[in-house]
Amino acid sequence: MNDFSTEQAPLHDREFQFLQHLVMEAFGISLGEEKRGLVRNRLGHILKRRGLSSVEEYCDSVLKSPRRDDLQELANQLSTNYTYFNRESAHYKLLAEQIYPGLVKEVERGLRSPELRMWCAAASSGEEPYQLMMSQMDFFGDRFSGWNAGLLATDISERALTLARKGVYAEEQIGKLPPGYLSRFMSRTGDGHYAVRPEVKKGVLFRHLNLTRPSYPFKRPFDVIFCRNVMIYFNNETKLGVLQRMHRWLRPGGILCIGMAESLVGEASSLFTPVAPSAYRRR
């Protein structure tokens with residue numbers, strides 16, 4: 001091995017262009033020139049683990065004919081899992097004040113069975129899907145047991161999903177939880193962390209899923225889909241494909257919530273009707 005720090009291994013044009021193409025093809029993530037420094041730094045961790053001396057060696061010896069585990073390692077390293085409880089809280093308010101009450105009225109009118117199907121499409125380290133589950137339990141209260149409710153949570157990063165399944169968070173991570181949620185839905189651990197209570201965890205099913213795959217392995221549509229702060233990493237063509245598939249897996253009248261910094265693109269605008277900032281109803 002060379003004696004320079006792999007964390008600062010140079011990322012030349014040839015390797016960066018190769019990575020741009022591979023990452024787009026495999027994950028649908030667009031790596032612009034402004035991401036070159038971030039990519040270089042994150043690849044440094046892979047080089048160090050593998051005992052490789054350069055990005056060129058990594059590309060030539062590993063990524064030219066990558067195995068599934070090689071691609072997953074790359075996805076784990078490049079994906080950004082920044083999130084926190086109660087992020088973009090207006091959507092949780094929308095659930096409690098409009099979406100959940102609307103579903104209850106439909107049940108009372110005999111228009112549907114007491115079922116709530118929800119999908120969190122960018123689960124990251126678990127804060128968002130767990131809070132969505134907490135919001136269901138908070139709203140329905142004693143009626144919750146009478147509902148066939150739950151949540152599917154997916155992510156491209158197996159590393160993030162491992163953290164999410166543990167459901168353990170440091171004190172600074174849970175500070176933004178709504179009043180009452182901490183005492184009702186989390187328990188303090190012996191080392192000063194907070195763990196999601198078992199009754200919350202059992203309602204969340206975590207699964208690995210690449211949103212850019214051409215089809216999704218579902219059997220029935222969802223009432224609500226949260227796909228927030230992930231499409232900012234996609235180009236417009238990839239965004240459109242994801243939104244079209246989301247439309248396919250939302251029931252008519254179902255709700256799609258995206259990140260506040262995101263927007264619908266192209267033909268997707270004709271598939272949904274805005275109901276609130278960054279929230280749309282399926283046409």
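**Notes on the predicted model**

1. Helix α1 covers residues 13-27, and at 1.5 Å a residue its 15 residues should span 21 Å; the end C-alpha atoms lie 20 Å apart, which agrees.

2. Which residues of α1 are buried? They are Glu 15, Phe 16, Leu 19, Leu 22, Val 23 and Phe 27. Looking down the helix axis, these buried residues fall within an arc of 130°, so they line one face of α1. An α-helix has 3.6 residues a turn, so residues three or four places apart point the same way. On the other side of α1 you will find Gln 17, His 21 and Glu 25, which are exposed.

3. Next, have a look at the hairpin. Strands β9 (residues 272-276) and β10 (residues 279-282) pair in the antiparallel sense, with four bridges. Thr 273 has Arg 281 in β10 as its bridge partner. Two residues sit between the strands, and Ser 278 takes a positive phi near 60° in this hairpin.

4. Finally, the second largest pocket, with a volume of about 280 Å³. It is lined by 16 residues, and the closest to its centre are Arg 117, Leu 152, Leu 205, Phe 218 and Phe 222.

5. Where does that lining come from? Strands β1 (115-120), β2 (148-155) and β6 (204-208) each supply at least two of its residues, and β2 gives the largest share, with four. By type, the lining of the second largest pocket has eight nonpolar, four polar and four charged residues.

Notes
Residues are numbered from 1 along each chain as its sequence is written. This is a predicted model: local features need pLDDT of at least 70, side-chain atom pairs count only at pLDDT 80 or more; totals for chains, interfaces and linings use all residues. Side-chain values use heavy atoms; hydrogens and water are left out. On a 1 Å grid over the protein atoms alone, a cavity is a set of points where a 1.4 Å probe fits but cannot get out, and a pocket is an open set with protein on both sides within 12 Å along at least five of seven lines; lining residues have an atom within 4 Å of a point. Grid points are joined across faces, edges and corners, and a volume is the space filled by probe spheres set on the points. Ala, Val, Leu, Ile, Met, Phe, Trp, Tyr, Cys and Pro count as nonpolar, Asp, Glu, Lys and Arg as charged, and the others, Gly among them, as polar. Two strands pair if DSSP finds at least two bridges between them. The expected span of a helix is 1.5 Å times one less than its number of residues. Buried means under 20% relative accessible area, exposed over 50%, partly exposed in between (1.4 Å probe, protein chains only). The arc is that of the directions from the helix axis to the C-beta atoms.
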